[in-house]
Every structure is written in C-alpha cells, then in structure tokens.
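Let's take a walk through this one together. Have the structure open and follow along.

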Amino acid sequence: MAGLNNVVLIGNLTRDPELRYTPSGLPVATLRIAVNRNFTNQQGEIETDFFNVVVWRTQAEKCAEYLSKGRQIAVTGRLQSRNWEANDGQRRSTIEVVADRVVFLGRRERSEDSVDELVEVDFSDNDLSTDLETRVEDEVVF
C-alpha cells in the first residue's frame, strides 16, 4: 500500500539559516520556523509550533544568502525521523521537515543606509527556491 508524506508550512524564521557542507561538498542548510496555529487556546492566546527544516543543494545556498531571522517563508516537503547516539551515550531522535521547495515571502528587511540594488538570480537550473518577489514586482503593475 502506498503512503503519503507531504508537508506545507508558512511561518517565520526564528534565526538566521545555518549553512554547512557535507564531507563530499554538498551544501545543506538548517532553518527553524515558527508557525502560528489558526485558533486560540482557553486563555485567548495564539499558540505557536516550531519546526526544523533541512534544505539541500542550491536551495540551501540561496536560503543562507537571502534569508534572515524574522523573514516569512513557505516550505513544502516531507517529514523525516532520525535517530543517533549523542556524545553522552544517550539515544536521541528528532523529526524534521526535508524541504523540496522554499519560497521567500514578505519583504526583505532594509537598513536605513542601504541602497536598493538589483539582485540577479539564475533560474536556469529550475530551482524555484529563490526570491521571486523582485520578478513579480517587475511584471505586475499596481
């Protein structure tokens, strides 16, 4: 019987992406996002869930380059569980989202002394994880 493992999340980064490389040179980034629930608890507060997201290859490098804490993103991917033995000998486990696609939402933060500059992104590798906001603004008349 076939299974289904599909996740769609929209949330805000709780910290800057952490980019590292595997021993074979493959880029991998770790993101942590906060996702608000669509309802309030008994105290009238909106609760938040936190998720670890793993992004590979070109998407990982683009996330590290363009994203920062607080930025809103949409992630599609799958859940993956991992087990390992920690340095203290204890068995540990985690469940994380392995991203197929990361879409950058919202506006990038700009410092007061920064000058708007055009960022050129290569879409030839069919990697749709880049910041499409600039392209959309250029093509849509408000």
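Is Arg71 buried or exposed? Arg71 turns out to be buried, with a relative accessible area of 6%; buried means under 20% relative accessible area, exposed over 50%, and partly exposed in between, using a 1.4 Å probe and protein chains only. You'll find Arg71 in the loop between α1 and β5 (72–85). A polar atom of its side chain lies 2.8 Å from the backbone oxygen of Leu105.

A quick word on what you're looking at: this is a predicted model, where local features need pLDDT of at least 70 and side-chain atom pairs count only at pLDDT 80 or more, while totals for chains, interfaces and linings use all residues. Residues are numbered from 1 along each chain as its sequence is written, and side-chain values use heavy atoms, leaving out hydrogens and water.

Now for helix α1, which covers residues 57–66. Helices (H or I, at least four residues) and strands (E, at least two) are DSSP runs, numbered from the N terminus. Gln59, Ala60, Lys62, Cys63 and Tyr66 are the buried ones in α1. Looking down the axis of α1, these buried residues fall within an arc of 170 degrees (taken from the directions from the helix axis to the C-beta atoms), so they line one face of the helix. Arg57 and Glu65 are exposed on the other side of α1. What do the buried residues of α1 pack against? Their partners are β2 (18–21), β3 (27–40), β4 (46–56) and β6 (91–104), with contact meaning heavy atoms within 4.5 Å.

Two of those strands, β2 and β3, run antiparallel and are joined by four bridges; strands pair if DSSP finds at least two bridges between them. Tyr21 has Pro27 in β3 as its bridge partner. β2 and β3 form a hairpin with five residues between them, and Gly25 in the turn has a positive phi of about 95 degrees.

Methods:
A polar contact is a pair of N or O atoms within 3.5 Å; within protein, one must be able to donate a hydrogen and the other to accept it, and residues adjacent in sequence count only if both atoms are side-chain atoms.
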